[in-house]
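Q: Could you take me through one part of this model closely? I'd like to hear about the salt bridges and what surrounds them.

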Number of protein chains: 2
Amino acid sequence: MISFSRYLPILSWGRHYDRSALSNDMVAAVIVTIMLIPQSLAYALLAGLPPEAGIYASIAPIMLYAIFGTSRALAVGPVAVVSLLTASAIGQVAEAGTAGYAIAALTLAGVSGVFLLLLGVFRLGFLANFLSHPVIAGFITASGILIATSQLKHILGVSAHGHTLPEMLGSLLAHLDQINWITVVIGTSATGFLFWVRGNLKPLLKGLGAGPLLTDLVAKSGPVAAVVATTLAVWAFGLDQAGVSVVGSVPQSLPPLTLPGLSPDLISALLVPAILISVIGFVESISVAQTLAAKKRQRVDPDQELIGLGAANLGAAFTGGFPVTGGFSRSIVNFDAGAETPAAGIYTAIGLAIASFALTPLVFYLPQATLAATIIVAVLSLVDFSILKKTWGYARADFTAVVSTILLTLGMGVEVGVASGVAISILLHLYKTSRPHVAEVGLVPGTQHFRNVKRHAVETSPHVLSLRVDESLYFVNARFLETLVQSRVTTGCDIKDVVLMFSAVNEVDFSALESLEAINLRLIDMGVGLHLSEVKGPVMDRLQRTHFIDELNGDVFLSQFDAWTHLMSAKPTAR
Amino acid sequence: MISFSRYLPILSWGRHYDRSALSNDMVAAVIVTIMLIPQSLAYALLAGLPPEAGIYASIAPIMLYAIFGTSRALAVGPVAVVSLLTASAIGQVAEAGTAGYAIAALTLAGVSGVFLLLLGVFRLGFLANFLSHPVIAGFITASGILIATSQLKHILGVSAHGHTLPEMLGSLLAHLDQINWITVVIGTSATGFLFWVRGNLKPLLKGLGAGPLLTDLVAKSGPVAAVVATTLAVWAFGLDQAGVSVVGSVPQSLPPLTLPGLSPDLISALLVPAILISVIGFVESISVAQTLAAKKRQRVDPDQELIGLGAANLGAAFTGGFPVTGGFSRSIVNFDAGAETPAAGIYTAIGLAIASFALTPLVFYLPQATLAATIIVAVLSLVDFSILKKTWGYARADFTAVVSTILLTLGMGVEVGVASGVAISILLHLYKTSRPHVAEVGLVPGTQHFRNVKRHAVETSPHVLSLRVDESLYFVNARFLETLVQSRVTTGCDIKDVVLMFSAVNEVDFSALESLEAINLRLIDMGVGLHLSEVKGPVMDRLQRTHFIDELNGDVFLSQFDAWTHLMSAKPTAR
């Protein structure tokens with residue numbers, strides 16, 4: 001039973017489900033459902049898929065997450081960044097609009113689902129930590145720009161393509177002659193209206209004395225209002241005959257049972273994008289889930305979240321969807337609307353299922369420009385260049401990671417961008433640790449403390465060189481220490497003893513052990529003693545398994561002060 | 001002038017060159033030349049090139065290194081591992097024995113030379129540190145096995161191919177029907193003889209009272225004896241007519257002027273192998289150079305060594321050679337024979353030039369099996385599995401790196417093997433730092449020291465949780481600390497203050513800063529104070545540039561003892 005409820009969190013909250021939770025969840029579900037209809041259509045468009053795929057991708061996944069996920073408020077479905085990654089990944093293996101394209105989307109969701117499940121079962125969620133905050137921030141900002149740019153073609157009514165900013169802009173410019181001015185009017189007024197709702201309507205309503213709940217509800221229904229108004233306009237004036245692209249006929253159906261493409265070629269072509277989508281989706285989802293859980297003192301289990309998201313993606317793969325994850329905006333709406341348990345998600349799924357059956361004829365005249373407007377307004381809120389200023393002021397390495405991620409994402413596409421971001425941050429970290437800070441330390445008079453001779457007035461001796469190594473010693477910096485000690489000792493002719501202070505050395509790997517042995521041998525040749533101080537327990541345990549301590553041309557002292565007093569007093573006549 | 005002699009070390013030693021150095025260098029050159037003739041032919045064979053390429057690759061490179069290199073005793077030329085890498089790299093772009101193959105070898109040497117020069121000019125020699133000692137040891141051992149296996153076909157007189165152990169063995173088995181028994185007799189007796197010389201002759205001569213120099217000289221001339229004996233045997237009995245493969249006619253010529261292939265396709269295909277060859281060659285060379293320099297208290301400048309090796313490889317590219325580096329065995333022989341300056345290398349080059357002109361007709365009847373025997377005996381001394389035992393006893397991560405490098409090199413080839421070895425050791429390091437050791441510490445009674453509560457009898461308080469973080473905080477472990485602090489605080493209900501002891505925190509990157517801010521906010525929500533102690537100067541400098549210190553729900557203390565006394569005494573009634 002214990003392992004059952006580990007893997008099936010529904011068993012724990014389901015047992016205490018009561019009438020009050022039911023009604024709160026129902027209310028939240030209605031609000032989220034209304035919000036999700038245009039959003040799902042829009043993200044399907046962004047992914048290059050038929051609009052119904054967006055609805056389907058919100059039904060089974062949301063239900064499966066409700067069973068396997070640990071967050072009470074997370075709403076799973078298509079999200080902007082993952083939809084963009086999907087378009088980029090599938091665009092490399094199939095032509096948009098073909099059957100192969102839709103099947104590749106299913107496969108991508110399936111591979112991503114399996115990968116997430118495996119990560120969860122093997123408790124490898126920590127791998128997501130390789131995406132540093134600056135890389136994520138840079139990537140999200142650049143993706144927002146890419147997504148907004150990719151939607152301009154719908155606002156202008158032209159056909160264009162591309163997966164990088166130069167490609168997109170070039171393609172837009174090349175097709176400017178196709179521009180459809182009625183579409184432009186619809187697209188820009190929808191965009192303007194939505195920006196106005198987001199920026200000005202709330203303060204206006206508040207000024208008119210409306211309550212916060214009403215204010216919020218009106219603001220959130222902006223996209224629905226835009227959808228209704230523009231759809232009616234197209235229908236009333238027959239604008240689709242005048243070249244305005246509309247959603248068109250959408251099958252009136254519950255999510256179909258589908259089978260992802262299983263050819264090894266397809267799977268191997270989609271493997272790397274699927275891994276990227278999984279990791280990025282997981283990072284977005286877990287951030288939202290943890291933020292919302294913290295507000296109610298609830299816990300989210302990252303490894304079980306992987307299982308929940310894996311199940312959701314497998315669900316998408318078998319019901320006509322595409323890759324999904326826990327979305328930021330939809331989860332916030334769900335949380336704010338009062339969702340208490342994952343059951344709210346199940347009710348949302350039911351609502352969307354009804355919509356997919358009953359409402360799809362109504363979206364026939366919905367202009368694609370309106371959907372593009374909702375996407376543009378949503379993603380531009382993701383664009384935030386303040387990370388540039390913050391990291392510039394804090395650390396150049398982080399700044400470099402942000403800038404490279406942004407530029408590479410815009411210039412080379414999302415996959416190259418995020419992969420390079422990860423690689424660059426790892427390399428910068430390794431570079432920093434390859435040249436560790438090594439301080440020569442001396443005794444702060446009247447204390448037992450040793451501090452950097454360059455920052456403090458301290459006591460030193462020409463015969464004793466005390467070096468505090470501010471880094472774990474491992475292969476990347478092993479040779480650095482070798483060279484450093486050698487050059488310090490050869491330039492200071494009176495040095496009789498070297499003390500390496502190990503208070504900040506958290507590890508000594510095999511390469512560093514060999515370097516320490518080399519340092520020891522060279523110092524023996526020079527007639528100089530080598531001592532260690534403040535070696536941590538785990539490091540000492542390991543060194544004691546080798547001959548190094550026996551062969552050390554000196555002693556290991558518990559504290560730097562012990563080393564100093566011993567070396568200054570023990571053999572004074574020998575000096 | 002200063003910058004001149006930085007880039008041209010010959011200007012500094014050349015100025016003091018005297019008669020005694022001259023005679024010592026000449027003696028060393030004669031010994032090295034005799035040793036290099038069979039070795040050069042053999043390594044050309046290993047690289048899949050005509051035998052004269054091995055001689056050519058020893059002439060111009062050795063001279064250029066004498067001008068630009070900083071080691072006094074390093075002997076540059078073809079070496080076993082680099083020759084194997086060359087064969088593997090070129091085998092992917094051309095068929096062995098064709099003109100394209102020889103041209104690709106020139107290009108490989110040229111690209112490698114340019115890369116080494118660039119590394120040297122931009123002082124990027126530290127990049128070689130990414131190859132950890134265990135990875136190098138595993139790679140060399142696996143390469144030794146691969147090289148020895150690749151030579152079995154010459155011993156058996158069959159044609160076989162392959163770049164991995166399974167490929168080679170499979171190909172050998174498939175061609176066993178071609179076996180030539182006379183070749184087998186020559187090959188096995190040469191191999192047996194060389195092993196006997198290496199293992200038993202020295203003790204025997206010593207037992208007979210021979211001096212160490214004579215002993216050494218006789219032992220070193222073993223390969224020459226084998227070459228002479230088997231060549232005479234083939235010539236006398238006409239064994240080449242009986243199917244024994246011989247070296248055949250070698251052009252009697254000084255090194256020709258050659259032009260490497262410059263097509264962008266060829267260069268880009270060889271770029272990655274050239275980088276690998278450069279880095280591995282540099283690591284081998286610098287290790288030998290530093291070992292020999294330390295014996296005579298001389299200095300080797302790694303960045304200038306890169307320039308020396310780069311020049312040597314460019315020399316090889318334009319004189320009919322292939323990639324070269326500082327070799328272990330030839331340098332030891334040079335050093336032991338008394339070489340005092342790089343001039344010994346110049347004399348060796350002259351000796352080889354004479355040999356390439358005068359001696360090449362004599363090697364017509366030299367059996368390839370003899371050359372294979374010299375390679376096998378030389379490389380099997382590189383095979384050393386003791387690294388497995390050493391790393392197993394020391395650290396599992398290092399052991400894993402060795403085992404993976406050996407298995408991947410044998411099973412997937414040298415390039416995959418060494419690249420995976422580097423990747424695996426980096427990932428293992430990141431994995432270790434992703435779950436840092438965090439010790440709860442308490443006061444050692446009667447001192448100002450704080451130690452791990454699990455290892456020492458220390459004073460603690462139920463209200464103050466002191467955690468010593470034994471790792472720099474950066475993106476890979478930022479979330480780990482967040483989770484850890486949260487779970488510690490929620491399980492200890494009486495905790496009023498958390499102190500993070502930063503004595504081993506050498507860096508806090510932007511991601512970790514955001515995690516610290518998140519920890520601070522959550523602790524504020526819980527009404528728990530957050531304090532830092534023993535923050536290093538560089539870390540504090542950086543934190544002070546942010547709002548974190550202002551918003552900290554507590555104080556920063558200079559020492560953990562200050563924090564403890566303050567928290568235990570300042571507000572005792574509040575507890």
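A: Let's start with a cluster: A:Arg468, A:Asp470 and B:Lys536 are tied together in a network of salt bridges. A salt bridge here is a side-chain nitrogen of Lys or Arg within 4 Å of a carboxyl oxygen of Asp or Glu. Keep in mind that this is a predicted model, where local features need pLDDT of at least 70 and side-chain atom pairs count only at pLDDT 80 or more, while totals for chains, interfaces and linings use all residues. On bookkeeping, residues are numbered from 1 along each chain as its sequence is written, chains are lettered from A and ligands numbered from 1 in the order in which they are written, and side-chain values use heavy atoms, with hydrogens and water left out.

Over all chains, the search turns up 14 salt bridges. One of them joins A:Asp303 and A:Arg123, at 3.2 Å from N to O. That pair links distant parts of the chain, 180 residues apart: A:Asp303 is in helix α13 (residues 302-318) of chain A, and A:Arg123 is in the loop between α6 and α7. (Helices are DSSP runs of H or I with at least four residues, strands are runs of E with at least two, and both are numbered from the N terminus.) A:Asp303 counts as buried at 12% relative accessibility, whereas A:Arg123, at 40%, is partly exposed. The cut-offs are under 20% relative accessible area for buried, over 50% for exposed and partly exposed in between, with a 1.4 Å probe and protein chains only. Most residues other than glycine have a negative phi.

Next up, A:Arg488 pairs with A:Glu440, their closest N and O atoms being 3.5 Å apart. Here helix α20 (residues 475-491) of chain A supplies A:Arg488 and strand β3 (residues 438-443) of chain A supplies A:Glu440, 48 residues apart. A:Arg488 is partly exposed at 26%, and A:Glu440 is partly exposed at 26%.

Then there's a pair that joins two chains, because B:Lys432 lies in helix α19 of chain B and A:Glu507 in the loop between β6 (497-501) and α21 (510-526) of chain A. Their side chains meet at 2.4 Å, N to O, in a salt bridge. B:Lys432 is partly exposed at 28%, but A:Glu507 is buried at 10%.

Between chain B and chain A, the salt bridges number 6. The rule also picks out 23 residue pairs in polar contact across this interface, both residues at pLDDT 80 or more.

Definitions and conventions. Polar contact = N/O pair within 3.5 Å; in protein donor to acceptor, adjacent residues only side chain to side chain.
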